[in-house]
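Please have a look at the model first.

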Amino acid sequence: MAAIVSLRDVIDEMEMMSDEATSYINRKTGELITITDEMFSLAEAPDEADDAPEWQQEFMPKVREVAASEDFIPLPSKFDIHEWSIMERFARSVADGDVRDELEAALHGRGAFGRFKAALHRHGMADAWYRYRDAVLEAIAIDFLEAQGIEFQREARKG
């Protein structure tokens with residue numbers, strides 16, 4: 001019987017995505033793991049891995065297991081999540097036209113993420129944004145898990 005995974009744990013892993021790492025889930029056990037590109041490179045080059053710090057060497061068997069196993073599948077990446085479009089949808093959903101216009105304008109050009117967040121705080125909308133973002137991430141996670149046939153359970157957010 002396949003494990004039932006924590007939806008919150010999957011969402012937490014998705015929130016930690018970066019350009020240099022990929023998060024995986026084992027579709028049979030529910031194990032979640034994030035592996036950097038550097039760790040994969042080391043796993044493919046045993047000579048270099050021998051020179052790596054001890055903690056990286058200890059992690060190599062797990063990295064190789066993930067690389068070799070069909071049971072480990074990547075979680076949705078930041079490209080699948082596309083936070084900028086989530087911010088755009090949130091901005092368009094704001095009822096106050098002036099605030100909506102400011103949020104939409106903040107999304108264009110270099111530094112869009114910082115301007116958007118500053119505008120949210122200026123208008124006291126940060127909590128509303130994070131609730132919206134959490135709901136979208138949850139929907140992405142649920143769609144992914146269901147598409148992969150992975151059972152999950154919801155639990156309350158900690159803290």
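## About the model

This is a predicted model, where local features need pLDDT of at least 70, side-chain atom pairs count only at pLDDT 80 or more, and totals for chains, interfaces and linings use all residues. Residues are numbered from 1 along each chain as its sequence is written, and side-chain values use heavy atoms, leaving out hydrogens and water.

## The chain as a whole

You will find nine helices and five strands here, with helices being DSSP runs of H or I of at least four residues and strands runs of E of at least two, numbered from the N terminus. Starting at the N terminus, their order is β-α-β-β-α-α-α-β-α-α-α-α-α-β.

The radius of gyration is 19 Å, whereas a compact globule of 159 residues would have one near 15 Å; the value is taken over C-alpha atoms, and the globule rule is 2.2 Å times the number of residues to the power 0.38. Along the principal axes, the C-alpha atoms fill a box of roughly 60 × 40 × 25 Å.

Strands β2 (residues 21-26) and β3 run antiparallel and are joined by five bridges; strands pair if DSSP finds at least two bridges between them. I25 has L32 of β3 as its bridge partner. Five residues lie between the strands of this hairpin, and G30 takes a positive phi near 85 degrees.

Strand β3 (residues 32-36) has I33 and I35 on its covered face, while L32, T34 and T36 make up the uncovered one. In a regular strand, side chains alternate between the two faces of the sheet.

Conventions
Buried means under 20% relative accessible area, exposed over 50%, partly exposed in between (1.4 Å probe, protein chains only).
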